[in-house]
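Here are a few notes to read alongside the model.

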Amino acid sequence: MRLLLVSTIIVSTTFLLSGQQPAAMTLTIPGFPDGGQIPVKFSQAAPGVAVGEGTSPAMSWANVPAGTQSFFLHMHDLDLARNKTTDDQAHWVLWNIPATATGLPEGVAKGSQLPDGSYQISATGPMYRGPGAGANGPFHHYIFELYALDNKLDVKPSADAFATRAEVMKAIQGHILAKAVYGGLFRRPR
């Protein structure tokens with residue numbers, strides 16, 4: 001214990017004296033720039049896509065903090081107020097992503113539980129729900145939030161995406177080691 005404390009003090013002092021901070025965890029989506037327009041191919045407006053579905057973009061993350069046991073990814077539409085509440089649209093709630101993961105491929109398969117043991121849900125069901133803002137309104141802001149957690153969550157998906165998301169959000173409290181955010185804009189083509 002004493003060795004760990006001395007090591008922590010030395011590392012912390014080294015960073016303070018050198019002016020360096022540990023690198024922040026980052027999230028990157030190569031399909032579009034952070035803050036830029038989300039391509040139609042990742043939306044509900046893509047040709048051949050069923051209502052409320054879509055193809056998830058590939059993404060990667062880096063600078064994961066030590067002690068990470070799992071990841072939680074939350075994609076939501078900041079501009080939608082659901083049922084006159086503070087709830088926004090749950091486009092993708094994906095949790096218990098293994099700590100060894102460094103990203104997700106394009107087109108994550110449908111299903112409540114994925115082969116790696118993670119769970120997913122959206123307002124459409126157990127899948128990614130692409131952006132779907134109407135063509136006649138303003139661009140909507142879609143946010144991807146990635147959390148590095150110091151545990152795996154004991155939460156199973158229910159039939160209600162909003163109740164499940166609330167349970168996941170409650171379960172991560174006190175377990176967040178780092179957070180990375182990436183955003184995009186979308187409005188259906190006219």
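1. A search of the whole structure turns up six aromatic pairs. Rings of Phe, Tyr and Trp (its six-membered ring) pair if their centres lie within 6.5 Å; planes under 30 degrees apart count as stacked, over 60 as edge-to-face and the rest as tilted. Take F72 and Y147: their ring centres are 5.4 Å apart and their planes sit at 15°, so this pair is stacked. F72 belongs to strand 4 and Y147 to strand 8, so the pair ties together parts 75 residues apart in sequence. Both F72 and Y147 are buried (under 20% relative accessible area, with exposed over 50% and partly exposed in between; 1.4 Å probe, protein chains only).

2. Now W92 and Y128: with ring centres 5.2 Å apart and planes at 80°, the pair is edge-to-face. W92 lies in strand 5 (residues 89–98) and Y128 in the loop between strand 7 (119–121) and strand 8, so parts 36 residues apart in sequence are tied together. W92 is buried, and Y128 is too. Elsewhere, ring pairs join F32, F144 and Y182 into a cluster.

3. A word on the source: this is a predicted model, where local features need pLDDT of at least 70, side-chain atom pairs count only at pLDDT 80 or more, and totals for chains, interfaces and linings use all residues. Residues are numbered from 1 along each chain as its sequence is written, and side-chain values use heavy atoms, leaving out hydrogens and water.

4. On to the sheet: six strands make an open one in the order 2-9-8-4-5-7, with mixed pairing. Strand 2 (36–37) and strand 7 are the edge strands, each pairing on one side only. Helices (H or I, at least four residues) and strands (E, at least two) are DSSP runs, numbered from the N terminus; two strands pair if DSSP finds at least two bridges between them.

5. Strand 8 (residues 140–149) is mostly covered, with nine of its ten residues buried.
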